[in-house]
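Me: I'd like to learn how to read aromatic contacts and strand pairing in a model. Could you walk me through one?

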Amino acid sequence: MIIRPIAPRDLDALEQIATESGPGFTSLMPDRDALSRKIDHSVESFARTVTKPGDEHYLFVLEDSTTGDIMGTTGIEAAAGVNRPLVHFRRNAVIHHAEDRQKRQIEESLTRCQHYTGCTEVCSLYLRPEFRRANAGKLLSRVRFLFMALHPERFADTVIAEMRGVSDASGQSPFWDWLRHQVADLDFMSATQLACCGQSGFIDRFIPATPLCTRQMTGEAIAAIGQVHEDTRAARHMLEREGFRHRRFVDLLDGGPTLECRRSDIASVRETFLANTVTGQQDPADNSGGTGKSAIVANASCSEFRATVTDQVWPTTYSNDLVVEPQIAKQLDLGDGSLVCCLPLGQTNKQSQKRQPPRHKQANEEIRYAY
């Protein structure tokens, strides 16, 4: 499995993913022209020289290097909500006071707001069902944080993830089914397309600025607030293990939660480290404990970024070197002495926590050793 930046030749596969992922997967809509523009934007973003996050969008694909099949996608938006508003409902507690404390009531309301403008957003994570295998989901999710650790100047201090909300097999959302009768007689798919295509005035026209009281909602709509689609549960749990938390902001259309975390607090960002490549096999005299421990391993490039999951790398105890099996090194375009980026997937090796990042013009001080 190889992660790489998306390329124009991947358009057919991306369109197929956008179609099979369903109407709730709002970051990839089945519009071929829009998808082609998204690919072009991603290619340009990877090629840019960046000193601070802007309108860059980085879209990666997971490729089976044997068959060439595209197994899935994952992406990062450098600064969400800058060119197009990023609008949520904020969940607020409303207290109805009474002289008798026993009679006070606490209700919840939803208020439209723009809270996350300029934050980095992780998005477009989709693993096709026929390619679900060991470590594939971890690679798609955590490689984004390795890339952030490798290129911190490209991303904001706060990272968010808008999670897909509850909907059924036909694409109907219980949250929107209630809301549509209050604001607009549009089915969920039509509303999603209008919102995702940036139709001018859609939110102002259809989503009220005045608070909505949840006590007026159906039981199904209330139960969906802050919950995720069944296909998204594993992704949510993975993000929560990274340190992401729900801060009471939910999607306007399906009520799905938005999670957030400071970039520097994301576990995979903290655990990513840089080393110098040494191609070869593990030294039998080296007892560093790296044998058989899976890790995401990548080169230090941007536009030519490549990453994979392997247990064929071994940290050394005597230098800032990482021994990489020759075939893996070839797949990642790593040569002896070149920088290699590594994110352990298991427990870290405390013996190597004292290491310092190698001095190199591409090395970044925010990348810390975790072995």
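Reply: Happy to! Rings of Phe, Tyr and Trp count as a pair if their centres lie within 6.5 Å, and planes over 60 degrees apart make the pair edge-to-face. This is a predicted model, and it holds 12 aromatic pairs.

Me: What is the geometry of the pair formed by phenylalanine 60 and phenylalanine 147?

Reply: Their ring centres are 5.3 Å apart with 80° between the planes, an edge-to-face arrangement.

Me: Is phenylalanine 60 buried or exposed?

Reply: Buried means under 20% relative accessible area. Phenylalanine 60 has 0%, so it is buried, and phenylalanine 147, also at 0%, counts as buried.

Me: Which parts does the pair of tyrosine 116 and phenylalanine 249 tie together?

Reply: This edge-to-face pair has 5.3 Å centre to centre and 70° between the planes. Tyrosine 116 sits in the loop between strands S5 and S6, while phenylalanine 249 is in strand S9, so the pair ties together parts 133 residues apart in sequence. Both residues are buried.

Me: Which residues form an aromatic cluster?

Reply: One cluster consists of Phe46, Tyr58, Phe60, Phe147, Phe155 and Phe305.

Me: And for strands, which way do S11 and S16 run?

Reply: Two strands pair if there are at least two bridges between them. S11 and S16 run antiparallel, joined by four bridges; alanine 275 has valine 340 as its bridge partner in S16. S11 and S15 run parallel, also with four bridges, and asparagine 276 is partnered by aspartate 321 in S15.

Notes: Residues numbered from 1 in each chain as written. Predicted model: local features only at pLDDT ≥ 70, side-chain atom pairs only at ≥ 80, totals over all residues. Heavy atoms only, no water. Helix = DSSP H or I, 4+ residues; strand = E, 2+ residues; numbered from the N terminus. Phe/Tyr/Trp six-rings, centres within 6.5 Å; stacked < 30°, edge-to-face > 60°. Buried < 20%, exposed > 50% of the residue type's maximum accessible area, 1.4 Å probe, protein only.
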